[in-house]
Amino acid sequence: MNNTNKVSILVLTILLVGTGAVFFIFNFLQKKPDKLICKNGYFKDNNFAYFNESLPIETRVADLLDKMTLEEKIGQMALIEKNSIKNTMDVASYNLGAVLSGFGGKPEPNTPQAWLAMVQKFKSVSQDTCLGIPILYGADAIHGHSNVHGATIFPHFIGLGASHNSDLVYQVAQATTEEMRATDIYWGFSPTLDVALDNRWGRMYETFGSDTDNVSKLGQAYIEGLQNNSDGKLAMLATAKHFVGLGAMTWGTSINKDYSIDQGTTNINEKVLRATHLPPFQKAIESGVASVMIGLNTWQGEKLSANSYLINDVLKKELGFDGFVVSDWYGVYEISPDKYKSLIKSINAGVDMVMLPFNYKFFISNIVKAVNSGDISEAKINDAVARILKAKFKLGLFDKNQPLIPDLSVIGSDTHRELARQAVRESLVLLKDNNKTLPLNKNTKTILIAGSAANNLGVQSGGWTVEWQGIDGNWIPGTTILDGIKKSVSKNTIIDYNLDGNFETQTTQADIGIAVVGEKPYAEGWGDEANPSLSNEDLATINNLRQKSKKLIVVIVSGRPLNIKNYAMNWDAIVAAWLPGTEGQGVADVLFGDYTFKGKLPVEWKL
Ligand code: BGC
């Protein structure tokens, strides 16, 4: 072989070996290691005891806790609003325990598919970590999975409160769980167990009303409906909120300058607090509620989220609550102007999970600092994290056989809408009926319909529907009350509709006039209202209709009793429809006698 050949072979060999080496290194870098090396020296391993379904949950929790670093534990205590997570990988880097969609915190487009993809993305990042602890994803499904466009919107709780029907409430909760689970969400911030005593409060409609026993009974049914599962695991984590006494806040005490009563002070003594407001929580614990949310109110000069007596002593020790305690929206930072002091106060008071450190890096580093300096004991952290992990185990999130995700078609399904329609029927309260005006005859010759809530799915659904403050108009699927009436009458009935009751061309009086009027959607303190009543526009509409109808029925769509005493004298019948949601046909079903009025007032309504 001559020298030229030798050089060529050498070059070729170098090239081949070099390419092979580059290829090998490239592949090595691309390949995920079979085992993640964790900070504490553990390797992710499916044989860890905590993955073993046959072991008791307590053993699994202890095993997992034992393998966690302090940072990993503290990450579990954070509940972050999804829009403040700019990089999804932060879920893994900061070991975040839970993510929520604050109301309106939806994917684009707002479709069930996009919800599922969004939640699963967060979940898979959380599982692809050292210890593989799945996040919890939470949402306010307070009248159905109502963030999601196309979901079944059930009547708000005030209407379910009027039904006084636990079986119905149980079924509504089960349907809600099914729609949520279809999007892989396992944590609902519901039910509201506040005993609402003041109709000026913008959150009265989120409650089952002002009767402690009714709130307790329906609250239990709702929790069991959300959580129960045929396989013994939890189907969903329910949240009993807001602990405690929100329904008795005093007008004018809100700490929020835009509100009047919401986020205010509960000026009652402990005896009244225990007699009226505590029992629904006691019952919720008996039903095995997985989490309790702390209110944003103040009692005896202290924010609830700083109240060690009520959280540590009453809720956890005395009532024996063994789930986890979550704070409400930024509440823990309102304790003192010093955020660090605020945080340690609330965690020492018994808050296990904090909603929501927008700045989770600050949260984690400060809690680490607090533990290292002894401001928070490690035992407190261990207790909080054990409670959170226990809930995750109870859902079966660590198990080989993962909970089945229902098909997305359950969202807004006919079966659920039929149930919602039944719930509407059972929630209606007949406030007044002179001369047996109701039920109406389906063969009535002429009917005039008017009013701001007659043809508006947004208005009849109220706040917490797609947007926090609700929506206006007919752009979610459902049946308006107007359409429901049209479908109920005979083909010979002539129906005329005008928003403002402007029927000037009508020369003779119609047999029946139906005014469907009420409140525009609102949520939380934005709905605080010194004199809840009908608007001048609604009153003008009713007057127009009165003149053009032999008999007048007024259907009130509202989240609370309205002050109508001064106007109602010449109305023949009045129906409280509350906030029925998407299935307006249920209102017509009862107006036309297919079903009788069953609802009873869940709150006082002076007429
Ligand atoms: C409300 C809670 C709700 C939370 C999360 C807060 O403003 O008070 O009831 O669960 O937001 O959306």
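# A briefing on a predicted chain

Let's begin at tryptophan 578, which sits in the loop between strand 17 (573–576) and helix 19 (585–591). This is a predicted model, and the chain you see has 607 residues, of which 60% are buried. Its secondary structure comes to 19 helices and 17 strands.

- Tryptophan 578 is not a glycine, yet its phi is positive, near 55 degrees.
- Is tryptophan 578 buried or exposed? Tryptophan 578 counts as buried, because its relative accessibility is 0%.
- Glutamate 524 also has a positive phi, about 50 degrees, although it is not a glycine.
- To find glutamate 524, look in the loop between strand 15 (510–518) and helix 18.
- Glutamate 524 has a relative accessible area of 12%, and buried means under 20%, so glutamate 524 is buried.

**Cis peptide bonds**

- The peptide bond that runs from phenylalanine 243 to valine 244 is cis, and its omega is near -5 degrees.
- Valine 244 belongs to the loop between strand 5 and strand 6 (265–266).
- Methionine 355 and leucine 356 are joined by a cis peptide bond as well, with omega about -10 degrees.
- Leucine 356 is in the loop between strand 11 (354–355) and helix 13 (360–373).

**Helix 10 and proline 280**

- Where is proline 280 found? Its place is in helix 10, which covers residues 279–286.
- Proline 280 is buried, because its relative accessible area is 1%.
- Not counting residues up to four places away in sequence, proline 280 touches Leu193, Val195, Thr212, Val215 and Ser216.
- Proline 280 is 67 residues from aspartate 213 in sequence, and their C-alpha atoms are 7.6 Å apart in space.
- Other parts of helix 10 are covered too: its buried residues are Pro279, Pro280, Phe281, Ala284 and Ile285.
- Which elements do these buried residues of helix 10 pack against? Their partners are helix 8 (212–227), strand 5 (239–243), helix 9 (270–277) and helix 11 (308–318).
- After helix 10 comes glycine 288, with a positive phi near 85 degrees.

**Glycine 473**

- Glycine 473 lies in the loop between helix 16 (457–461) and helix 17 (481–488).
- With a relative accessible area of 18%, and with buried meaning under 20%, glycine 473 is therefore buried.
- If you leave aside neighbours within four places in sequence, glycine 473 is in contact with Asn456, Leu457 and Gly458.
- Glycine 473 and aspartate 414 are 59 residues apart in sequence, and from C-alpha to C-alpha they are 22 Å apart in space.

**Pockets and cavities**

- Rolling a probe the size of a water molecule over the atoms shows where empty space is left.
- The largest pocket holds about 470 Å³ of space.
- Of the 29 residues that line the largest pocket, Gly518, Glu519, Lys520, Ser535 and Asp538 lie nearest its centre.
- Which helix gives the most to the lining of the largest pocket? Helix 18 (residues 536–548) does, with three residues.
- How many cavities of 30 Å³ or more does the structure hold? There are five.
- The volume of the largest cavity is about 100 Å³.
- Residues lining the largest cavity include Met68, Glu72, Gln76, Val91 and Asn95, and also Cys130, Leu131 and Ile133.

**The chain as a whole**

- Along its principal axes, the C-alpha trace spans about 115 × 70 × 45 Å.
- Of the contacts with a separation of 6 or more, 77% are between residues 24 or more positions apart.
- The accessible surface comes to about 24000 Å², and carbon and sulfur atoms account for 52% of that surface.
- There are 58 positive and 63 negative side chains, and the centres of these two sets lie 2 Å apart.

Conventions. Residues numbered from 1 in each chain as written. Predicted model: local features only at pLDDT ≥ 70, side-chain atom pairs only at ≥ 80, totals over all residues. Heavy atoms only, no water. Helix = DSSP H or I, 4+ residues; strand = E, 2+ residues; numbered from the N terminus. Buried < 20%, exposed > 50% of the residue type's maximum accessible area, 1.4 Å probe, protein only. Contact = heavy atoms within 4.5 Å. Areas by Shrake-Rupley, 256 points an atom, 1.4 Å probe, with all protein chains shown as cover. Lys, Arg positive; Asp, Glu negative; His and termini not counted. Charge placed at Lys NZ, Arg CZ, Asp CG, Glu CD. 1 Å grid on protein atoms, 1.4 Å probe; cavity = no way out; pocket = protein on both sides within 12 Å on 5 of 7 lines; lining within 4 Å. Points joined across faces, edges and corners; volume = space filled by probe spheres on them.
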